Amino acid sequence: MFESQTAPTYHLETVEEQENDFILNLGPQHPGTHGVLRVILHMDGEYILTADPVLGYGHRMQEKIAENMTWSQVLPYMARMDYLSALSYNQAWVCLVEKMCEYEVPRRAEYIRVLTTELNRISSHLLWFGAFLLDLGAFTPFLHAFEDRETLLDLLESLTGSRLTYCFFRFGGVGADVDAAFLRGAQDFVKQMHTKLPRYHELVTGNVIFRERTRDVGVILPFDTWGYGLSGPVLRGSGEQYDVRTSEPYSIYPELDFNVPVEQSGDCLARYLVRLNEIDESLKIIEQTLANMPEGPIKSKVPKIIKPPEGEASMAVETPRGELMIYAVSDGGKVPYRVKYRVPSFANLSIFSKMARGQLLADALAILGSLDLVIPEIDR
Amino acid sequence: MSLIETALNKHSLSPEPLEYSATGLHAKIVIKGDQLKPICRSLYSAGFFLETVTAVDNLSTEIMQGLWFFNHYKESSRLMIVIEASRKNPVFPSIGVLYPGAIWHEREAAEFFGITYEGSKDQRGLLLPEDVNFHPLRKDFKRPEHQITGIH
């Protein structure tokens, strides 16, 4: 199908100003932008002519910070980028360093990593579910989602010691072993979610108002996806079955049995369904890791001072928002020479100005919500 | 034949194969600046998606390496394209016309490294404050003394 496509021409949006047009400033502090994102909207009445996101309000220059830290000191900063899926970021960094230094990881540690990362993925999707529906004006689902998420946060807190910005993975293993109480808690949560997920569908998915607000709104056509470098549920809502966990398998994912949910319509409803189905698939993965959890050590011996050999390496993982790729260059020293974070939300937001054109303002907020943005990740 | 080889077939380039398990990259090519756009056109029609555009500054060799990362949805094939330029005044071609997603990545790399992306329709900064006059990821960057330039 690709051969028949030709490259589209891109023009910076400039619209001649008419008498009744006006500029609307959305954000930087607006409940609909979920963080400090500002969008300058050129409006014609209720309709958007152009939308120009302004970034950088939460910018901390993470890549420069990494150049001034040792390889292990960088690890806690990972959680500060995407605070909703800190463990995916943890995993990307430890896997990158393990790849460069060729460290071994015990099987039990890999299982604990996948188990906790998938729990973290569900908690991220649950927060998105609540917040997205809040954007659309539905308040009740928010309370339900947060009740379930609370169980998860308590569970992960008992293991990792923190509720949100986890720094739990270590080079060559994990920070702590799971105990019987945690495993029982995880099993109970899976059981609880299996009864709650159909109720979410009952409450929200079939709701007429919800469907009218999301169907055919913010459609991403399949031939826009690779030009903007989309990934994650935003891409899978447009019919492309791309998931780093299956396309570039890492950790124990090749041994696990799970599907990659895909929807074809590319609208807000499709992205919603992909994320809800992903919760189901994550539950499947958790069940498998719980059933097959091997015995053994949780950490292999690694040197105290980490000095990866001279060279370059990249590591990609699937976060709840899409493909995170870290590229690092080492000069053989204690500090990274250069670190580049390729974050999923950055690419996913870059298509927003194209999607928002010609939409109603209220729909633009639904579109922003459906992209599942974490602004500190974009700003880094 | 891998997707990368098929896409780059007509450019008579031989991508340097890398060990994927050690580097996470499937291939790397070092090209000249004027080859970038034709190569990107081939990659676009082959369905490669843009991962990121960035750079690496080398103080000792006085070289600024421009880096472009591509990958494919159907089959994992990460390709790194490298163009080398003098770090005094690095100029690279912009691929924003082909890959609209590249515009933001180029804006970011331009302000972090002081790179000019020739032909880019949007030359504004992206993440740094509007009034900065330094490029923080250049290796000779010194942190400026703290000064209040206004209320932001």
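At what angle do helix α3 and helix α4 of chain A pack, and how far apart are their axes? This report answers that question and then describes other parts of the structure.

The model is predicted: local features need pLDDT of at least 70, side-chain atom pairs count only at pLDDT 80 or more, and totals for chains, interfaces and linings use all residues. Residues are numbered from 1 along each chain as its sequence is written, while chains are lettered from A and ligands numbered from 1 in the order in which they are written.

## Chain A as a whole

Chain A contains 15 helices and 8 strands. These elements are DSSP runs numbered from the N terminus, helices being H or I with at least four residues and strands being E with at least two. The C-alpha atoms of chain A fill a box of roughly 70 × 50 × 45 Å along the principal axes. A compact globule with 380 residues would have a radius of gyration near 21 Å, and the value for chain A is 21 Å, which agrees. This radius is taken over C-alpha atoms, and the globule rule is 2.2 Å times the number of residues to the power 0.38.

Of the 380 residues in chain A, 48% are buried. A residue is buried if 20 or more other C-beta atoms lie within 10 Å of its own, exposed if 12 or fewer, and partly exposed in between, with C-beta atoms placed from the backbone. Among the contacts in chain A with a separation of 6 or more, 71% join residues 24 or more positions apart. Two residues are in contact if their C-beta atoms, placed from the backbone, lie within 7 Å.

## Two packed helices

Helix α3 (residues 86-101) and helix α4 (residues 107-135) of chain A pack at an angle of about 145°, and their axes are 8 Å apart. Axes are lines fitted to C-alpha atoms, for helices over the stretch in contact, and angles run from 0 to 180 degrees between N-to-C directions. From α3(A), the contact uses A:Ala86, A:Leu87, A:Ser88 and A:Gln91, and from α4(A) it uses A:Arg113, A:Thr116, A:Thr117 and A:Asn120. These residues divide into 2 nonpolar, 5 polar and 1 charged. Here Ala, Val, Leu, Ile, Met, Phe, Trp, Tyr, Cys and Pro count as nonpolar, Asp, Glu, Lys and Arg as charged, and the others, Gly among them, as polar. Helix α3(A) also lies across β6 and β7 of chain A, running at about 150° to β6(A).

## Strands of chain A

Strands β6, β7 and β8 of chain A form an open sheet of 3 strands in the order β6-β7-β8, with antiparallel pairing. β6 and β8 are the edge strands, each pairing on one side only. From one strand to the next the twist averages 10°. Two strands pair if DSSP finds at least two bridges between them. The table lists three antiparallel pairs.

| Strand pair | Bridges | Residues facing each other |
|---|---|---|
| β6(A) and β7(A) | 9 bridges | A:Glu318 and A:Glu323 |
| β1(A) and β2(A) | 5 bridges | A:Asn25 and A:Ile40 |
| β2(A) and β3(A) | 7 bridges | A:Arg38 and A:Val54 |

The hairpin of β2(A) and β3(A) has 2 residues between the strands, and A:Gly45 takes a positive phi near 65° there.

## A buried methionine

A:Met355 is part of helix α13 (residues 352-356) of chain A. A:Met355 counts as buried because it has 24 C-beta neighbours inside 10 Å. Leaving aside residues up to four places away in sequence, A:Met355 touches A:Gly218, A:Ile220 and A:Ile367.

## Where the chains meet

The contact takes 36 residues from chain A and 34 residues from chain B. On the side of chain A that touches chain B, the largest share, 5 residues, comes from β6(A). The residues of this side divide into 16 nonpolar, 9 polar and 11 charged.

In chain B, helix α4 (residues 102-113) has 12 residues and reaches 16 Å from its first C-alpha to its last, close to the 16 Å expected at 1.5 Å a residue. The expected span is 1.5 Å times one less than the number of residues. Because 12 of the 12 residues of α4(B) are buried, this helix is largely enclosed by the rest of the structure. Its cover includes α12 of chain A together with β3 (48-58), β4 (63-72) and β7 (116-118) of chain B. After α4(B) comes B:Gly114, whose phi is positive, near 70°.
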